[in-house]
Amino acid sequence: MSEFLLLAALFLLGTIALGFLRVHWGPSRADRIASAQLVGTGGVAMTLLLAAAGGNSAIIDVGLVLALLAAFAAVAFVKSTSADGAGDPEENDE
Amino acid sequence: MSGFANVLTVILVSVGLVFFLAGSVGLLRFPDLHSRLHALTKADNLGLGLIALGVAFQIGEPYAIVKLALVWLLAVLAAASVAQLIARSALDRLPAEGQADRQA
Amino acid sequence: MTGVIVSAFPAIELSIALPLVALLTAILIGGKLAPRLILAVGPLMMALTGIVAWQVAEGDPTRVELGGWEAPLGIALFADGLSSSFLLLTAIIMSAVGIVAMAGFDARDGETSRSYSFWALFYGMWAALNGVFLGADFFNLYVAIELLTITAVGMVALGGTRAAIRYLLFALAGSLAYLTGVVLLYAEAGTLDMSLLAANEGDASVRLVAGGLMTAGLLAKTALFPLHAWLPPAHGGAPAPASAMLSALVVKASFFIIVRLWFDVMPEAAGPVLVQLIGILGGTAILYGSLLALRQARLKMIIAYSTVAQLGYLFLIFPLSGGIAGEMPWAAGAWSGGMFHALAHGLAKAAAFLAAGLIIEALGHDRIDDMKGIARAMPVTVFAFGIAAISLMGLPPSGGFMAKYLMLTAALAGGHVVIALVMMAGGLLAAAYLFRPVNRAFSGSDIPEVAYVAYWRQWVPLILALLAMLLGVVSAGPYEFIQIGRAVTAEVGIE
Amino acid sequence: MNAALLLDAGLCLLILTAAVLAMTGRDLFGAIAFFIVYGILIALAWVRLEAVDVALAEAAIGAGLTGVLLIGAWSLLRRAGVSEAHELSHWGLRLVAGLASAATTVVLAAAVLALPPGREGLAPLVTERLADHGVSNPVTGVLLDFRAYDTLMESIVLLVALVAVWALTPASAWGGVPGMRQHARPDGVLAMFGRLLPPIGLVMAVYLVWAGSSQPGGAFQAGTVLAAVWLLVVMAGIYDEPPISSGLLRTALVAGPAVFLAIGIAGLGAGALLAYPDEYAYGLILLIEFTLTFSIGATLALLVAGRARRAA
Amino acid sequence: MMATIDSALLFALTGCVLIGLGLYGFIVHAHLLRRILAFNVIGSGIFLLFGALGYLGAGQGTDPVPQALIITGIVVALSLTAFAIALVIKLAEEEKTAVLDAAKTAEDLHE
């Protein structure tokens, strides 16, 4: 079983590698940061597979921390694109 | 682990992987940021959910299963919020700055 | 009876803990209290380090296991003659600097960013210095020198951002090299404790790579030529009390680790190539630093370039010991001369920078050309600078003289004619670059108008300079003291 | 080749790719994005090396906090009008750098391969001594018991780094509030995110410290999660940063190291600095961990926020 | 199924290459933010090397002592990074540059 889970993790690594291309190409910064987010989700999935493969549920905590913090860089980026650098893109919506 | 659980795990994880692959391909092939964001949030989070479910069948401890659920919940929450915010902020800057971003 | 109590007193542990207590207090309270803390911490630290020195002098080198855990699991503190000398030097210089800075970094008009951060950085630096001088574990030393780096760069940043960034870049590169060496050392030996490493010879080639990396990193932090480029802007641009600590103590801390590494931990590992290379760099530093010091227009810059030069002498102990394993009879003399130099230079350099700082306070600048007659306005300060200059030049009867005498003796005994010539040239050049400001200060006949500088503050650099002098006058005692715990004792030295 | 080795080879390859792109990418923002990706992958490498404690720290710091720090810096630099143009340095310099880096890699690799086999490290000794003293997670045991002095100094390094950042505050803003005043649409996604995540983060932080005594986790990982949560609350415009002159804030910063130091000094009574009496070891370590977590969280959050910029 | 000895060696060598890559970046880049990135890449390469060697040595799992030292190292590196970034931001806001200019530093000192 763990052989399968490791191969699954390897497959995920492949999809992450595809995501690399978008981080590299952009073209916009939003593209780059969004695809970095994708790598984060893939990383979370990998921790789960590795937890099962190694029979160590403490590894899930790593996934938990990654999932909690993966969004932070993107939030910081979104804030930086607002007019004064401290706002929110939705602020002026009606 | 029973054989049945193993079969379920293999099926769930495999389908999850397909979604991840679809997400990545979408991220590469879709023409603009907004459709790419769709690919990212929908496919990946579905994939993650399926993988978490598959993994749950391998892990006996109940509290670990709670953690798995929490991981998925957090990932969905984060991806949905971030996708919305990025999409919204890109809207403000299109088309002018979307082009300006396109530097070497 | 009191002897028993004193010898059991945990002075080593407390000389780490007390600066930390002061640091936390300064961060918590800030405001008007932080500048006055020195009045309590200074005397206490002098007493504590005095007790450490007494314990070392009475007994043997002292080793303390923290948490009660023996190495390799735990971390030890270790005090021998050398470390307690540096500990005491630190206590003296930091107290002196603290007293002078009480007026410059006060909070009379409420807390300011300078007065707040200076004192926290000051006590952080003190803790880090004591941590380095007492450290017996190479990873723990890494943490201590990083603490030192942050406090030192933080102080430089009070003077200018660019100099601070340049310093930080060198320091960061140095940290990484040092850390890489530590990693290899642990992988090879399974411990980072100095005495355990010394007891087991290990794999010579891995140790040479590890030691080389650690040394390269530490050299960047010590600013040995050609890794010196950051020092003059940093030491010349920082507020004068900060410069005093940086030049007198901070660069010595990384040098101290180099000495521990090669002389105490792996004396067999250094090949002749490494020894010669370090010697050549040291000699070049002496000449290069001195020549540039001659060309400076500002007093603090002269003193800063003088540091580049004077640091060069320290590294001459590598070739002068005749190979680090030190079979030569003059090896211990060379080693002791180098350590003496570090101590005497510390006192004299701190005095020189503090004096320069007071002159800047009085004149508003430190351009040598516009310093005419300052000796008449600030006789005590200029006198302190002059005395410090005597020790820096290596004239008798100063501590600087004793250091250079010992090293010169070793050079001649070992047939190192080139080194002897470089040392003498360095002495002449030092006389030239230090004479210039002193000469300016005495020239003319008017008394220039200067801002008020409290008289008692002017005495502080004088006391430091006189201590540098005293080190030469009563050299026999300190000379024997720094050797406590050394494997090779001196056969050639002070008669 | 088995699946494990294949996976590790793939992971190493991807780590190296991310590093190359972070080092050489033309676009500065792209380089930062790759650095964040790199942090995520390094965390996975730690999982593979069965160093889950380190993986947690890397996930929280490398993949999380450092990213926020870098993007914040990038944004401020851009607003300050700094050019991002990627000027290719002189080919001579690149050649020298390439040679130096290749030589370094080769020497290090040679040293790694020259290491004598059969080195045990300290793992057996740690397990042996841990058995009847304090906590059961060996890493926490090393951090807070065997090498507590390192950890104390490290918490001081963090604190002093914050003071050094504060030292850059211009005189006019001293005692004021770090960063810009953040604001967001009150009923928007960001504000919602900023309200939903913190409770989860708080629970997770407590869990990480608590679990840290017996399984991977500990004060630094938990403190980082706390800091991240606080930063999110600020970014969502829900609360503002406290002024750096606040006595409460300074108490929060100092509390952890102070409790650690006080217990350490009290240890002198038990025979050595930082020694814990056997019967209290577990409780004391937990007390230190909890206060340290709190202070580390506050310190890290303020480190990321930077120097004070506006009056309180 | 966890990493094998071969894998650990792989990670150790990856660490060595990362140190080299970071060193390259640290030397060639003038932009200070990029040099800070390079510093962090070198740092994590060193830690990876440390951990992998600890794994090689311990035989089972990674030696807890290097793990603890690495966590300490990560926090120290973060402290240095945060301070460095604060300095770079200050430089940028004062002089609109994120590049150190040696000539300008020298000018400061001669007023």
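Helix H1 of chain A, residues 2-25, has 24 residues and should span 34 Å at 1.5 Å a residue, which agrees with the 35 Å between its end C-alpha atoms. The expected span is 1.5 Å times one less than the number of residues. Helices (H or I, at least four residues) and strands (E, at least two) are DSSP runs, numbered from the N terminus. After H1(A) comes Gly26(A), with a positive phi near 75 degrees. The model is predicted: local features need pLDDT of at least 70, and side-chain atom pairs count only at pLDDT 80 or more, while totals for chains, interfaces and linings use all residues. Residues are numbered from 1 along each chain as its sequence is written, and chains are lettered from A and ligands numbered from 1 in the order in which they are written.

Chain B contains four helices and zero strands, in the pattern α-α-α-α along the sequence. Of its 104 residues, 47% are buried; a residue is buried if 20 or more other C-beta atoms lie within 10 Å of its own, exposed if 12 or fewer, and partly exposed in between, with C-beta atoms placed from the backbone. Two residues are in contact if their C-beta atoms, placed from the backbone, lie within 7 Å. Among the contacts in chain B with a separation of 6 or more, 65% join residues 24 or more positions apart. The predictor's confidence in each residue is given by pLDDT, from 0 to 100. Chain B has a mean pLDDT of 84, with 87% of its residues at 70 or more. The pLDDT is below 50 over residues 95-104 of chain B, a stretch with ten contacts in the model beyond near neighbours in sequence. Where pLDDT is low, the predicted coordinates should not be read in detail.

Seven pairs of chains are in contact, and chains D and E share the most contacts. To this contact chain D gives 75 residues and chain E gives 70 residues. On the side of chain D that touches chain E, the elements giving two or more residues include helix H1 (3-24), helix H3 (52-79) and helix H11 (281-305) of chain D. This side of chain D has 51 nonpolar, eleven polar and 13 charged residues, where Ala, Val, Leu, Ile, Met, Phe, Trp, Tyr, Cys and Pro count as nonpolar, Asp, Glu, Lys and Arg as charged, and the others, Gly among them, as polar. By contrast, chains B and E do not touch, and their nearest C-alpha atoms are 14 Å apart. Chains B and C are likewise not joined by any contact, with their closest C-alpha atoms 28 Å apart.

A nonpolar core is a set of buried Ala, Val, Leu, Ile, Met, Phe, Trp, Tyr and Cys residues joined through C-beta atoms within 7 Å. The largest such core has 484 residues, and those touching the most other members include Leu48(A), Ala351(C) and Val88(E). The most residues in this core, 22, come from helix H15 (residues 331-363) of chain C. Beyond residues up to four places away in sequence, Ala351(C) touches Ala384(C), Ala388(C), Pro461(C), Leu464(C), Ala465(C) and Ala468(C).

Also in chain C, the axes of helix H3 (residues 33-58) and helix H5 (residues 113-134) come within 9 Å and cross at roughly 35 degrees. Axes are lines fitted to C-alpha atoms, for helices over the stretch in contact, and angles run from 0 to 180 degrees between N-to-C directions. Leu87(C) belongs to helix H4 (residues 81-104) of chain C and counts as buried because 25 C-beta neighbours lie inside 10 Å.

Several backbone features lie in loops. The peptide bond from Ala71(C) to Pro72(C) is cis, with omega near 10 degrees, and Pro72(C) is placed between strand E1 (62-65) and strand E2 (76-79) of chain C. Leu274(D), although not a glycine, has a positive phi of about 70 degrees, and is buried, with 30 other C-beta atoms within 10 Å. Lys96(E), also a residue other than glycine, has a positive phi near 55 degrees, but is exposed, with 12 other C-beta atoms within 10 Å.
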